[in-house]
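Here's a quick briefing to read with the model open beside you. Have a look at the sequence and the fold, then go through the points below.

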Amino acid sequence: MHKEEEFSPATGERRGIRVATSKNIEGPYTVYDGPLNKGQIAPTITEGPSVMADPMKPKGWLLYYDFPMADHYGISSSPDLFHWTIEQDISIPPDARHGSLSKITAEEAKTLREAYPNTK
């Protein structure tokens with residue numbers, strides 16, 4: 001996943017998330033054309049993509065992204081990292097921005113909640 005940022009008379013404004021694949025980390029890469037805004041896989045003007053295995057589906061993925069111009073977060077789901085569905089029924093903390101995802105144990109979560117209690 002990567003953020004595409006393009007501004008030109010030919011393509012218009014394209015700021016969103018796309019998929020590129022390669023058999024080698026150094027490339028060359030093939031850009032996958034998603035269904036949105038001429039190739040993107042998430043709505044336009046999104047950034048900060050993070051991907052994780054879907055904990056609710058054994059063969060699924062979740063893509064989290066920031067809508068920086070609208071001050072909210074979005075999630076899409078995929079069975080294969082190429083075909084994405086924008087999730088509508090989600091609940092994200094209102095101040096979430098450019099997140100990173102890490103799997104932690106219940107004990108680690110407890111330690112973090114104790115060290116950084118919710119004060120709101």
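Predicted model: local features only at pLDDT ≥ 70, side-chain atom pairs only at ≥ 80, totals over all residues.

Residues are numbered from 1 along each chain as its sequence is written, and side-chain values use heavy atoms, with hydrogens and water left out.

**Overall layout**

- The protein chain has 1 helix and 7 strands; helices (H or I, at least four residues) and strands (E, at least two) are DSSP runs, numbered from the N terminus.
- Going along the sequence, the pattern reads β-β-β-β-β-β-β-α.
- Of the 120 residues in the protein chain, 29% count as buried; buried means under 20% relative accessible area, exposed over 50%, and partly exposed in between (1.4 Å probe, protein chains only).

**Salt bridges**

- The count comes to 5 salt bridges, each being a side-chain nitrogen of Lys or Arg within 4 Å of a carboxyl oxygen of Asp or Glu.
- Lys3 pairs with Glu5 at 2.7 Å, N to O. Glu5 is partly exposed, with a relative accessible area of 47%, and Lys3 is also partly exposed, at 31%.
- Lys3 also meets Glu47 in a salt bridge, at 2.6 Å, N to O. Glu47 lies in strand S4 and Lys3 in strand S1 (residues 2-8), so the pair ties together parts that are 44 residues apart in sequence. Glu47 counts as buried at 16% relative accessibility.
- Arg18 and Glu4 form another salt bridge, at 3.0 Å, N to O. Arg18 sits in strand S2 and Glu4 in strand S1, so this pair ties together parts that are 14 residues apart in sequence. Arg18 is buried, with a relative accessible area of 7%, and Glu4 is buried too, at 11%.

- Most residues other than glycine have a negative phi, and most peptide bonds are trans. The exceptions here are worth a look.
- The peptide bond from Gly27 to Pro28 is cis, with omega near 5 degrees. Pro28 is in the loop between strand S2 (12-21) and S3.
- Ile45 has a positive phi, near 55 degrees, and its place is in the loop between S3 and S4. Ile45 is partly exposed, at 23% relative accessibility.
- Leu81 isn't a glycine either, yet its phi is positive at about 75 degrees. You'll find Leu81 in the loop between S6 and S7, partly exposed at 26% relative accessibility.

**The largest pocket**

- Rolling a probe the size of a water molecule over the atoms shows where empty space is left.
- The largest pocket has a volume of about 190 Å³. The search runs on a 1 Å grid over the protein atoms alone, and a pocket is an open set of points where a 1.4 Å probe fits, with protein on both sides within 12 Å along at least five of seven lines. Grid points are joined across faces, edges and corners, and the volume is the space filled by probe spheres set on the points.
- Its lining residues (those with an atom within 4 Å of a point) include Met52, Tyr64, Tyr73, Pro93 and Leu101.
- How many charged residues are in the lining of the largest pocket? There are none, against 7 nonpolar and 3 polar. Ala, Val, Leu, Ile, Met, Phe, Trp, Tyr, Cys and Pro count as nonpolar, Asp, Glu, Lys and Arg as charged, and the others, Gly among them, as polar.

**Surface and loops**

- Met1, Val51 and Trp61 make a nonpolar surface patch of about 220 Å². Patch residues have over 30% relative accessible area and no salt bridge, with nonpolar side chains (Val, Leu, Ile, Met, Phe, Trp, Tyr) joined within 5 Å and like charges within 9 Å. Areas come from the Shrake-Rupley method with a 1.4 Å probe, and for residues only the protein chains shown count as cover.
- Trp61 is in strand S5 (residues 61-67) and is partly exposed, at 31% relative accessibility.
- Phe82 lies in the loop between strand S6 (72-78) and strand S7 (85-86), partly exposed at 29%.
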